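Hi everyone, thanks for coming. Have a look at the model on the screen, and I'll walk you through a few parts of it.

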Amino acid sequence: MGRGLPHGRPRARSHEARSMKLTARTAETFIRANTGLIRPPHVPEIALHLADEAHDLWQRTEEELAEIGLPPPFWAFAWAGGQGLARHILDHPEIVRDKSVLDFASGSGLVAIAAAKAGATSVMACDIDPFCETAINLNAAANGVSIAFDGSDLVGTDGDWDVILAGDVFYEKPFAERLVPWFAALRARGADILVGDPGRSYLPKSGLEKLAVYEVPVTRALEDAEVKRTTVWRFGGTAI
């Protein structure tokens, strides 16, 4: 899922992207070639295959991958909302311990991995980006945890999850307008819904309970900042 807008101009297409047909094998080859195993600064307990700040992955692939019908590599960065939410889960494992968890718009799988490490009975990561299944499988293996994956659009469905975790999802108005009634329905039947958000434009203005605030180091090339103030909210809790 989209998180922010990069700075800089896309570069010329590489032979790698021109010739790539996406399969699990080519996705793994692409991920390993364009990322390194990095520990996000706010969640050093977890290692992920990420692009470092000096890497040109975003600039060149935003244009290149679009030409072959694939989305930009959101999975290759540890976004502020996800880092804050993962930190909160690791610091408060009782939120997910012995529960079934959905990590919605999972990206790299950072939050899902945090939930698994915190003792969740089962963790489902979901994201419609076709790279994410491979990225999440690689990242889960790197951290010694097991995570299921669903690549379909789960908005409006109910897998009887106990906890739904969502980092950086309120970045676009049409998407936010789909999420709010879905989250409300899940909350009404008893699910616990936690959102990590660094001040995205379409975060709801009411019906959220503030749980924690973190100062999260981020990639300046994507966020136009070195630190983002990030809040973890409970959806459907006490109004702001």
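Let's start with two helices: α2 (residues 24-34) and α6 (residues 132-142) pack at an angle of about 60 degrees, and their axes are 9 Å apart. That angle makes α2 oblique to α6; angles under 35 degrees count as roughly parallel, over 145 as roughly antiparallel, 65 to 115 as roughly perpendicular, and the rest as oblique. The axes are lines fitted to C-alpha atoms, for helices over the stretch in contact, and angles run from 0 to 180 degrees between N-to-C directions. Helices here are DSSP runs of H or I with at least four residues, strands are E runs with at least two, and both are numbered from the N terminus.

A quick word on where this comes from: it is a predicted model, so local features need pLDDT of at least 70 and side-chain atom pairs count only at pLDDT 80 or more, while totals for chains, interfaces and linings use all residues. Residues are numbered from 1 along each chain as its sequence is written, and side-chain values use heavy atoms, with hydrogens and water left out.

Back to our pair. Which residues in α2 and α6 meet? From α2 we have Ala-24, Ala-27, Glu-28, Ile-31 and Arg-32, and they meet Thr-134, Ala-135 and Leu-138 in α6. Contact means heavy atoms within 4.5 Å.

Now the sheet. It is open, with 7 strands in the order β5-β4-β3-β6-β7-β9-β8, and the pairing is mixed. Two strands pair if DSSP finds at least two bridges between them. At the edges sit β5 (148-150) and β8 (208-217), each pairing on one side only. From one strand to the next, the twist averages 20 degrees.

If you zoom in on β4 (residues 122-126), you'll find that 3 bridges join it to β5, and the two run parallel.

Next, two aspartates with positive phi. Asp-98, in the loop between α4 and β3, has a phi near 60 degrees, a positive value in a residue other than glycine. Asp-168, in the loop between β6 and α7 (173-188), has a positive phi of about 60 degrees as well. Are they buried or exposed? Asp-98 counts as exposed because its relative accessibility is 60%, whereas Asp-168 is buried, with a relative accessible area of 0%. Buried means under 20% relative accessible area, exposed over 50%, and partly exposed in between, using a 1.4 Å probe and protein chains only.

Last stop: Ile-193, in strand β7. With 0% relative accessibility, Ile-193 counts as buried. Leaving aside neighbours within four places in sequence, Ile-193 is in contact with Ile-164, Phe-183, Leu-186, Arg-187, Trp-233, Arg-234 and Phe-235.

And for the whole protein chain, how many helices and strands are there? There are 8 helices and 9 strands, and 54% of the 240 residues count as buried.
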